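Have the structure open while you read.

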Amino acid sequence: MPPGGGGGGPMKDCEYSQISTHSSSPMESPHKKKRTAARRKWEVFPGRNKFFCNGRIMMARQTGVFYLTLVLILVTSGLFFAFDCPFLAVNITPAIPAVGGVLFFFVMGTLLRTSFSDPGVLPRATPDEAADLERQIDIANGTSSGGYRPPPRTKEVIVNGQTVKLKYCFTCKIFRPPRASHCSLCDNCVERFDHHCPWVGNCVGKRNYRFFYMFILSLSFLTVFIFAFVITHVILRSQQTGFLNALKDSPASVLEAVVCFFSVWSIVGLSGFHTYLISSNQTTNEDIKGSWSNKRGKDNYNPYSYGNIFTNCCVALCGPISPSLIDRRGYIQPDTPQPAAPSNGITMYGATQSQSDMAAATPLLQSEPSLTSDELHLSGKPSLGTPCASLTLGQPTPPSSMPNLATEATLADILPLKEEHGGHQFLTPDEAPSPPRMLAAGSPLAHSRTMHVLGLASQDALHEDSVRGLVKLSSV
């Protein structure tokens, strides 16, 4: 006999199910709860940018010209290494393809570094930060009431004895720091903004300017290098077989010479212009606007220049690179506020205030005392029913046929006129109170406080007569 058996059959096995203590929705199993994957910040980035490799690569959306730059460099250099370098390495020196290869890889490295990096985008203000900034602006202007008044567009700061204006960005909801500007193509505020270059497919700013300068400078050397040795190749071949036979033997050299001839002038000129900017510690944006030109005044000078060409070049090319401020590969926390939505130049002040501030600004007509069902049950009187239980205490609405009715209601005008009609007292249609919330928000009758001066007895009589008058009107 099995243990525990009392003359009956064997004891049945008891099965126990584990009770899940974790909260789960009624529609899903507690053992198969889905986990939502954490999103990264680049997935909800508000600017007009494209991201690749899980946010490691950041570019502008308009990248068509960038691909054209890649094609021109790759095709021209490829034709040079395929058709010209073998002949030049045998007849002149093998150092020519080696030097060309170093220049090519340096050009491609600086181009990709400029195109794929963060140029120095400034993060946008969160809704709480934007609201706090708006309150500071209101306090600075001596007003705290909400409205549609635009904020001041500039603030003034002193940089090395020079007054610099900080402009307010309506899209990013921040006062831009000195030398920053908003790029209309990428829709971002960029620190030390130089310009937006479609050839590299990105903005040029504080974090990638040095790589942009090394790109155009090395590209100038590569273009001159290829153009010079292509001409040398054609001349040496023409001395051996004639000019026409040389062109037939190496037709790619003609294409290389044409591309390099029409591009070398703009590339070399652009390199010289940015060399001047670096030596004077200016940006393209500042130079085009003439921010530090003497034409604006004798006391106007560049406060960012160190007064030495060598020092300015070292700061621009050899200084430390600041870290990215947008943290595009970071994870979004559940309680992290998102950046404020742009307003396209129209800022509604007071719209971002708390609900308590908005409730204080609503018309006081909504806070008027209202009659409840208990108040309508008058002593010795029958109940008038529930439809009038939420009747709001208001003033009589003037009829449209009385245009000369005075807008200032007095105590005598508000007191109802009682007429004897068969022992009953009731209000006339002109004196009947209007339904709640039917008065205009800006009407002086909607905000009047004359009813508060009535005594308790007068108010009770007025309530009773008003309700009785409404009943009479409905019956008629």
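A residue counts as buried under 20% relative accessible area, as exposed over 50%, and as partly exposed in between. Keep in mind that this is a predicted model. With a relative accessibility of 42%, Val258 therefore falls in the partly exposed class.

Val258 sits in helix H6, which covers residues 252-280. Together with Val254, Phe261, Phe262 and Trp265, Val258 makes a nonpolar surface patch of about 550 Å². In an α-helix, residues three or four places apart point the same way, because there are 3.6 residues a turn.

## Helix H2 and its cover

Now to helix H2, residues 95-115.

In soluble globular proteins, nonpolar side chains tend to be buried together. Here the largest nonpolar core has 34 residues, and Ile73, Phe80, Leu111 and Phe215 touch the most other members. E2, H1, H2, H4 and H6 each bring at least two residues to this core, with H4 giving the largest share, ten residues.

Setting aside neighbours within four places in sequence, its contacts include Leu88, Ile96, Phe225, Phe229 and Glu256. There is also a second, separate core of seven residues, with Leu122, Ala125, Cys172 and Cys189 among them.

## Salt bridges

The model has seven salt bridges. In one of them, Lys41 pairs with Asp327, with the closest N and O atoms 3.4 Å apart. Lys41 is in the segment before strand E1 (49-52) and Asp327 in the loop between helices H8 (309-318) and H9 (355-361), so this pair ties together parts 286 residues apart in sequence. Lys41 is partly exposed at 30% relative accessibility, and Asp327 is partly exposed at 41%.

Asp187 bridges to Arg48, the closest N and O atoms being 4.0 Å apart. Asp187 lies in the loop between strands E6 (181-183) and E7 (188-190), and Arg48 in the segment before E1, so the pair joins parts 139 residues apart in sequence. Is Asp187 buried or exposed? At 14% relative accessibility, Asp187 counts as buried, while Arg48 is partly exposed at 32%. Shared partners also join Arg48, Arg124 and Asp187 into one salt-bridge network.

Key
Residues numbered from 1 in each chain as written. Predicted model: local features only at pLDDT ≥ 70, side-chain atom pairs only at ≥ 80, totals over all residues. Heavy atoms only, no water. Patch = residues over 30% accessible without salt bridge, like charges linked within 9 Å, V, L, I, M, F, W, Y side chains within 5 Å. Areas by Shrake-Rupley, 256 points an atom, 1.4 Å probe, with all protein chains shown as cover. Salt bridge = Lys/Arg side-chain N within 4 Å of Asp/Glu carboxyl O. Helix = DSSP H or I, 4+ residues; strand = E, 2+ residues; numbered from the N terminus. Buried < 20%, exposed > 50% of the residue type's maximum accessible area, 1.4 Å probe, protein only. Core = buried A, V, L, I, M, F, W, Y, C linked by side-chain atoms within 4.5 Å. Contact = heavy atoms within 4.5 Å.
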